[in-house]
Amino acid sequence: MKSINYLFALLFLCGALQLNAQQITLDVPYVPTPQNVVEGMLDLANVGKGDVVYDLGCGDGRIVITAAKKYEATGIGVDLNPERIKEASQNAREAGVEDKVTFYEGDLFNFDFSKASVLTLYLLPDVNLKLMPKILSEMKPGSRVVSHAFDMGNWKPDEQISVNGSTVYLWIVPEKK
Ligand SMILES: C[S@@+](CC[C@H](N)C(=O)[O-])C[C@H]1O[C@@H](n2cnc3c(N)ncnc32)[C@H](O)[C@@H]1O
C-alpha cells in the first residue's frame, strides 16, 4: 500500500510538471489498472448487458472498453488530459466498440454521472472522499461503485476482494435518507 502511494506521488509530480505547459493540473497521475484487476472490478460489480459503466479519470479507456467488449455493457469515460481521450477513442475503435462507449474531455468533479448503473474509480483517497457526497446524492439507489486500491473513509464497502495483490472495493448506493 505504501509503495503504491509513493509510486502515485512520483508519477503525480512528473504528470503535473509535464502538463504544466498546457495549464492542466491533474488531481491524480496516470497509472493504468492492470487488465486482470479491470476484470476483477467488473466481475465484483456484476456488470452485464444493460449496465451503463462510467469511469471517472478514464485514462486509456480500458475499463469501459472491457465493459463493452467482454460484458456487453455500454460505457462513458471522462478524463482531463486530452491525450488520454485521444488514446481511449482510438482504443475503442480498435476494439470495435466505438458505438458502445463515449469519451469526454473534462473534469470529473463537474461531470454528470447520475445515469451510471456502475461507477468505476482508480483515483486517490482524498479524491474519493471529495466525490463521496456527489455519489450518495446523485447516483440511483442500488447502483454500484467499485474502486481500485482506495476506499471511501467512513463509508464502509459492501464487499472487498484482492486481485493479484490489488484491493478492489464495492459499495451499493443506499436509499436516500
Ligand atoms: C490512476 S489513472 C486511472 C486510469 C483508468 N481509470 C484506469 O483505471 O486504468 C487516473 C486518471 O485520472 C485522470 N485525471 C486526473 N485528474 C482528473 C480530473 N480532475 N478530471 C478528470 N480526470 C482526471 C488522469 O489523467 C488519469 O488518466
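Predicted model: local features only at pLDDT ≥ 70, side-chain atom pairs only at ≥ 80, totals over all residues.
## Ligand site

The ligand is surrounded by 22 residues, and the closest are D27, T33, D55, G57 and D79. In the side chain of D27, an N or O atom lies 2.7 Å from a nitrogen atom of the ligand. For the side chain of D55, the corresponding distance to a ligand nitrogen is 2.8 Å. The side chain of D79 has an N or O atom 2.7 Å from an oxygen atom of the ligand. Taken alone, the ligand exposes 600 Å², of which the protein buries 100%.

Across the whole structure, seven salt bridges are found. Side chains of opposite charge can pair when their charged atoms come close. One of the seven joins E72 and K49, with 3.8 Å between the closest N and O atoms. E72 belongs to the loop between helix 3 (62–71) and strand 2 (74–79), while K49 belongs to the loop between helix 2 (35–44) and strand 1 (52–56); the pair therefore ties together parts that are 23 residues apart in sequence.

The two partners fall into separate accessibility classes. E72 is partly exposed because its relative accessibility is 44%, between the limits of 20% and 50%. K49 counts as exposed because its value of 68% is over 50%. E72 also follows helix 3 and has a positive phi, near 60°.

K86 and E83 form a salt bridge in which the closest N and O atoms are 3.3 Å apart. Both residues lie in helix 4 (residues 82–95), three residues apart, or about one turn of the helix. An α-helix has 3.6 residues a turn, so residues three or four places apart point the same way. K86 is exposed, with a relative accessible area of 55%, whereas E83 is partly exposed at 41% relative accessibility.

A salt bridge also links R84 to E87, with the closest N and O atoms 3.2 Å apart. R84 and E87 are likewise three residues apart in helix 4, a separation of about one helical turn. R84 counts as buried because its relative accessibility of 17% is under 20%.

## Helix 3 and its surroundings

Helix 3 is largely enclosed by the rest of the structure, because seven of its ten residues are buried. These buried residues are I63, V64, I65, T66, A67, A68 and Y71. Their packing partners include two helices, helix 2 and helix 4. The buried residues of helix 3 also pack against strand 1, strand 2, strand 3 (101–105) and strand 4 (118–121).

S117 is located in the loop between strand 3 and strand 4. The side chain of S117 makes a polar contact of 2.7 Å with the side chain of D51. Apart from neighbours within four places in sequence, the residues in contact with S117 are D51, V52, S143 and R144.

Methods
Residues numbered from 1 in each chain as written. Heavy atoms only, no water. Salt bridge = Lys/Arg side-chain N within 4 Å of Asp/Glu carboxyl O. Helix = DSSP H or I, 4+ residues; strand = E, 2+ residues; numbered from the N terminus. Buried < 20%, exposed > 50% of the residue type's maximum accessible area, 1.4 Å probe, protein only. Contact = heavy atoms within 4.5 Å. Polar contact = N/O pair within 3.5 Å; in protein donor to acceptor, adjacent residues only side chain to side chain. Near = heavy atom within 4 Å. Areas by Shrake-Rupley, 256 points an atom, 1.4 Å probe, with all protein chains shown as cover.
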